[in-house]
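Student: I have the sequence and the model open, and I'd like to go through a few spots with you. Could we start with the strands?

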Amino acid sequence: MLLKNSMLLLLCLWAMGGFAQTINGTVRSGSGEVIGFANISVLNSANGTTADRAGNFLLNLGRGNYQLQISAIGYATKIQRLTVTGSSQAVMITLADNANALSEVVVTADKTEERLQNTPLAVTSLNAKQLNDYRVWTISDLTALAPSTFIVEHGNSTGSNFLNIRGAMGFSNDQSVATYVDGVYQFDYFSAPFQFNNIERIEILRGPQGTLYGRNAYSGVLNVITKRPTNKTSAFAEVDLGNYGQQRYSVGVNTPLINNRLFVNAGFQSNNRGAIYSNPTPETTYLDQHHAYSGNVSLKYLVSDKWTIDWNTRYENNTDKGAYPWAATDSAARANPYTVFGNWDNTERRTNINTSVAVKHFGRRINFTSITALVNYHIWLPGRFDFDFSPAQLISFTTFTRQNELTQELRVSSPANAGRWKWTAGSFLFSEKVRNGSTTYYDADYAQLDPNAPYASISNGKRSGYGVAFFGQAAYAITPALDVTVGTRYDLEHRALTQNSLLDKNGVVTLLSPDSTSKKTFTAFTPKLILSYKLTDNSLVYGSYAKGFRVGGFNFGNSANPIYDPEKSDNYELGSKNTLLSNRLKLNLTLFYFQQKDQQVSTSRDGVNYATLNVGDMNNYGLELEVSALPVRNLQIDWTASIAHSVYKKLDLFDAATNAVKDYKGNQAINNPALQSMLAVQYGVPFAHSAQHASAFVRGEFRYIGEYQLDFVNAYQQPGYGMVNVRAGVTSNRYDLAFWVRNLGDVRYMAFGYGSYMMGLPRMLGATLTGKF
């Protein structure tokens with residue numbers, strides 16, 4: 001009888017632990033006033049609700065430790081921990097006015113939702129408001145918004161903005177920074193989303209992230225998260241007009257299709273800009289003009305309180321006339337800014353379709369995620385591209401690339417009410433097919449160098465690949481203050497390339513080299529170790545080690561060096577994250593030491609035949625700073641800064657003077673400013689008794705970029721320069737009107753230099769009108 005009673009008691013206790021408990025909550029302001037219609041969500045779950053007019057809400061949660069995210073218009077977002085016991089309980093939540101407190105931020109850097117200041121990683125998050133304040137329209141606008149982050153502007157081409165984090169620059173198709181859009185990996189830097197439209201937030205992770213993100217998260221990750229569908233109806237329309245014929249139109253809508261069950265969010269954007277460059281070459285219509293449109297549609301279906309299905313499709317179409325307005329030399333680009341010489345219109349076309357389905361289960365003991373995605377990407381030159389940068393008709397070419405990728409990620413993780421263990425494990429599978437073709441024309445004036453001209457050489461290639469990866473990461477709370485995180489990943493990737501070459505002379509095509517096939521299997525092991533210690537509830541220090549890799553590949557059209565090997569990196573990091581003065585000051589510091597091994601560089605062994613080769617080992621170390629402060633009411637100051645010192649331990653490049661390969665040991669990395677900083681100051685003046693909470697604002701930004709190298713030989717540099725951006729206007733619950741100027745002083749700087757050269761954008765100004773419904 002005693003045994004029977006004991007078993008019944010244990011079963012009752014187990015059942016009580018499994019049953020949900022009722023949480024009665026109230027949301028109030030610091031002065032005690034109720035806050036109606038606040039949004040409350042439970043991190044890492046599908047659970048959430050909205051407070052009623054009186055600020056009251058109900059949640060049903062099982063036993064455990066949770067994090068609640070609470071947000072309301074006019075108040076700073078708050079993340080509050082909640083421990084659910086075996087009985088119903090009341091919770092009081094106090095929100096501070098957003099003019100007196102900074103919002104707390106949730107990120108998914110570890111592929112689970114977590115408070116930014118509790119995440120022991122160097123990560124910067126920019127929400128929709130911040131992107132609007134900084135006037136971030138494209139990837140190239142992100143330079144210095146996160147420490148050690150530098151984006152190479154590449155003229156009027158929306159297909160090649162090179163991301164550089166901590167001095168790791170990649171000019172091959174495999175970038176050093178992995179880009180993800182809504183959890184979908186973008187295989188090629190050309191396919192990364194150039195136009196930012198309907199964005200919820202952007203996360204920039206610094207340092208290798210190979211354990212959770214895999215291939216090419218070599219020096220960091222760019223996470224782009226579009227707006228998610230919700231159960232609330234809202235919409236916006238925005239018009240941007242500016243100089244150089246700038247016209248940008250954006251609309252978005254969110255609404256439930258089936259109340260409390262099925263929601264949709266959709267956005268569309270059209271972006272057009274006229275010419276900045278001029279072309280004095282007679283009878284040539286080479287002018288840089290940009291035309292683009294993009295859109296995304298997302299559906300969320302709540303199958304139950306445990307299961308959700310998200311479907312997302314994103315499309316982008318770009319037509320860039322006058323792409324790559326290069327000059328042949330640094331001096332020519334500086335002497336004739338925004339002038340280009342050419343005989344072809346250099347039109348580049350680009351389309352990109354991403355479709356994904358994410359199925360998620362939120363359980364009491366385990367969460368499950370499946371993301372299935374298809375990427376269809378196409379870039380091509382419908383005409384010719386002028387490659388001699390002169391009025392003469394010497395060399396031109398045309399090219400195209402078609403890519404199709406299918407990916408499948410399966411992931412299990414600890415539930416929302418996790419205790420001392422928090423973990424993630426999963427697998428990633430992909431297959432890809434790529435077709436390339438290029439034709440180089442040696443035109444009529446080339447006969448001065450080769451009497452056989454004019455003629456054309458043609459290269460064709462087909463690449464296929466597949467890969468599989470297994471990964472896992474676990475964090476254990478040794479004590480309430482001390483955590484240890486261990487992670488590891490194993491990647492296996494197989495690639496095969498078949499290519500041929502032909503000669504076209506007077507319409508007669510001759511086979512130069514028949515189909516040849518190269519195959520290679522690449523593997524990588526990327527571990528991670530983090531120790532973090534909470535000095536207080538608002539201060540964290542951590543130390544970490546992480547390894548990254550950039551996958552090897554093939555040199556298209558190069559039979560002498562058809563394959564290059566993977567590139568590896570090691571990153572050592574010490575960091576401190578602090579939230580001070582009642583959440584009015586955020587101060588984050590990071591020290592890093594970043595080692596690159598077998599760096600992939602486009603170079604030559606003979607000065608004629610160029611290919612991507614593993615020729616460099618480089619070390620980079622530096623200090624990163626992030627500060628956000630509200631010193632007085634309605635005044636916000638944001639400052640990011642970084643200093644870096646890079647040096648090559650080995651760099652084998654061809655030296656024309658000696659006609660031999662030379663070790664440029666001691667050189668600095670390209671596009672890695674020794675110092676960069678962004679200081680932003682914004683002050684708002686609320687209109688008293690405004691029914692729409694209207695206020696005026698004025699904003700100033702000063703961006704400083706220190707000297708950086710334009711080539712690996714370090715023969716050309718861009719000296720340090722400062723740039724001022726300003727923005728002012730009126731904002732309210734229903735409308736925003738802003739006037740803005742970027743590069744107020746019309747500073748001239750070299751944005752790209754690597755065998756050819758190009759200036760950065762001149763002074764840009766305009767106005768933005770936004771309606772919110």
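Student: Which residue in strand 26 stands opposite Ile395?

Tutor: Ile395 stands opposite Tyr442 in strand 26, where strands are DSSP runs of E with at least two residues, numbered from the N terminus. Please keep in mind that this is a predicted model, in which local features need pLDDT of at least 70 and side-chain atom pairs count only at pLDDT 80 or more, while totals for chains, interfaces and linings use all residues. Residues are numbered from 1 along each chain as its sequence is written, and side-chain values use heavy atoms, with hydrogens and water left out.

Student: How many bridges join strand 25 to strand 26?

Tutor: There are 19 bridges between strand 25 and strand 26 (residues 421–442), and the two run antiparallel; two strands count as paired if DSSP finds at least two bridges between them.

Student: And which way does strand 23 run against strand 25, parallel or antiparallel?

Tutor: Strand 23 (residues 367–380) and strand 25 (residues 395–413) run antiparallel and are joined by 14 bridges, with Asn367 standing opposite Ser413. Strand 24 (residues 385–386) also pairs with strand 25 in the antiparallel sense, over two bridges, and there Phe385 stands opposite Phe397.

Student: Changing topic, which residues have the most contacts inside the largest nonpolar core?

Tutor: They are Leu142, Phe196, Leu222 and Leu651, in a core of 66 residues. A nonpolar core here is a set of buried Ala, Val, Leu, Ile, Met, Phe, Trp, Tyr and Cys residues joined through side-chain atoms within 4.5 Å, and buried means under 20% relative accessible area, exposed over 50% and partly exposed in between, with a 1.4 Å probe and protein chains only. Strand 36 (residues 610–632) gives the most to this core, with four residues.

Student: What is Phe196 in contact with, leaving aside neighbours within four places in sequence?

Tutor: With contact meaning heavy atoms within 4.5 Å, the partners of Phe196 include Val136, Trp137, Ile139, Leu142, Ile202 and Val224, and also Arg248 and Gln269.

Student: Which side chain does the side chain of Asp515 make a polar contact with?

Tutor: That of Asn500, at 2.7 Å; a polar contact is a pair of N or O atoms within 3.5 Å, and within protein one must be able to donate a hydrogen and the other to accept it, with residues adjacent in sequence counting only if both atoms are side-chain atoms. The C-alpha atoms of Asp515 and Asn500 are separated by 4.7 Å, although the residues are 15 apart along the chain.
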